[in-house]
Amino acid sequence: MSRNAALFAVMCLVWGLTWLPVKVGASHVPPVFLAAVRFSLAGVLMLLWAGRDLPKVPAGAWPRLIVTALLLNTANYSLLFWGTAHAPTGLAAIVNFATIPIFTLLASRAIEGERIDARKLAAIGLGTVGLGFLFATRALGGLSAVHGDPLEAVGLAAVAFGTLFYCTGAVLSRPIAGTMPTLTLAGWQTLIGGIGLSAVSALVEPVGRADFAALVRSPVLPAIVFLIIGGSLMGFTIYMRLLRDWGAFRAGLYAFISPAIAVGVGVVVLSEPFGVSEAVGALLMFGAAAIALKRPERAR
């Protein structure tokens, strides 16, 4: 196994496992508060890591950087962490990872005018049907709805809307991505997003002294450490290396592996339900993601 292949396996594992600490942490402290702590600390560490590159942000890029930070991290993770607190981690991971290629297509069309051809339309249609299957048992009051959180369907919808905000922010980030070092951009977006998450948490969540005290105790502290070191620093670093060495297509294949890990961990560790409807929906959404990620054939 090559070094990049080993790193890819580590990245898939780490990003598949991050959903468990989100769920565990959010069961002890408010979910948006948890996200605010994670991204504020991760942002500081990333900017320290950037070192001399920290101030290398062109003056004209700041407005777009702030807006994209609020979309990528504040709006996205407010919804994603809240949704994961109420929905099964495996299904939340599937909704998040499998809709990224689809929502990116829609955002690129709306913002950049990118043409949506028949292949892309098929991906959008198949992904929509897949989402319908994932929501079916909850909408019909089936097995998952009976034995799970009554807000499961709302939680999954929150994850989907959060992912849409993420993809919109990612597309809007493209014009400034080449104007500064990658770690500088990511660090500032992470820190600003964390500040935004702190504001959202202060407005909508009853955060008290007990919640701050819980941050330095198990299981919240290990959850935050894993999310920062594994999810933000390690996962991001590996992904940037694979983007450089493999390209976006091969590096993006984690979207088919990490959700499977999240589902397995959720079923084994948290005894989360995963029935026929969920399995069909997952397969359809992975198929839609595969179509969306497929490289168009060049004309001969």
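Student: Which helix gives the most to the nonpolar patch?
Tutor: Helix H11, residues 220-246, gives the most, with 4 residues. Helices here are DSSP runs of H or I with at least four residues, numbered from the N terminus. Keep in mind that this is a predicted model, where local features need pLDDT of at least 70, side-chain atom pairs count only at pLDDT 80 or more, and totals for chains, interfaces and linings use all residues. Residues are numbered from 1 along each chain as its sequence is written, and side-chain values use heavy atoms, with hydrogens and water left out.

Student: Okay, which residues form that patch?
Tutor: Val10, Leu221, Val225, Ile229 and Met234 form the patch on the surface, and together they have about 370 Å² of accessible area. That area comes from the Shrake-Rupley method with a 1.4 Å probe, and for residues only the protein chains shown count as cover. Patches take residues with over 30% relative accessible area and no salt bridge, joining nonpolar side chains (Val, Leu, Ile, Met, Phe, Trp, Tyr) within 5 Å and like charges within 9 Å.

Student: Why does Met234 count as partly exposed?
Tutor: Because its relative accessible area is 36%. Buried means under 20%, exposed means over 50%, and partly exposed is in between (1.4 Å probe, protein chains only). Met234 lies in helix H11.

Student: Switching to H1, which residues are buried there?
Tutor: In H1, the buried ones are Asn4, Phe8, Met11, Cys12, Val14, Trp15 and Gly16.

Student: And what should H1 span, at 1.5 Å a residue?
Tutor: The 15 residues of H1 (residues 3-17) should span 21 Å, and the end C-alpha atoms are 21 Å apart, which agrees. The expected span is 1.5 Å times one less than the number of residues.

Student: Nice. How many residues has the largest nonpolar core?
Tutor: It has 57 residues, and Met11, Phe81 and Tyr254 are those with the most contacts inside it. A second, separate core of 11 residues includes Ile176, Leu185, Leu191 and Ile192. A nonpolar core is a set of buried Ala, Val, Leu, Ile, Met, Phe, Trp, Tyr and Cys residues joined through side-chain atoms within 4.5 Å.

Student: What is Phe81 in contact with, leaving aside neighbours within four places in sequence?
Tutor: Phe81 touches Val22, Pro31, Leu34, Ala35, Arg38, Phe39 and Leu227. Contact means heavy atoms within 4.5 Å.

Student: How about Asn96, buried or exposed?
Tutor: Asn96 is buried, at a relative accessible area of 9%. Its place is in helix H5, residues 89-112. Leaving aside neighbours within four places in sequence, Asn96 is in contact with Trp19, Leu80, Val159 and Thr163.

Student: Now charges: how many salt bridges does the structure hold?
Tutor: There are 3 salt bridges, each a side-chain nitrogen of Lys or Arg within 4 Å of a carboxyl oxygen of Asp or Glu. One of them joins Asp53 and Lys56 at 2.8 Å, N to O.

Student: What does the pair of Arg174 and Glu112 tie together?
Tutor: Their side chains meet in a salt bridge at 2.8 Å, N to O. Arg174 lies in helix H8 (residues 152-177) and Glu112 in helix H5, so the pair ties together parts that are 62 residues apart in sequence.

Student: And where do Arg241 and Asp245 lie?
Tutor: Both lie in helix H11, 4 residues apart, about one turn of the helix. The salt bridge between Arg241 and Asp245 is 3.7 Å, N to O.

How values were computed:
Helix = DSSP H or I, 4+ residues; strand = E, 2+ residues; numbered from the N terminus.
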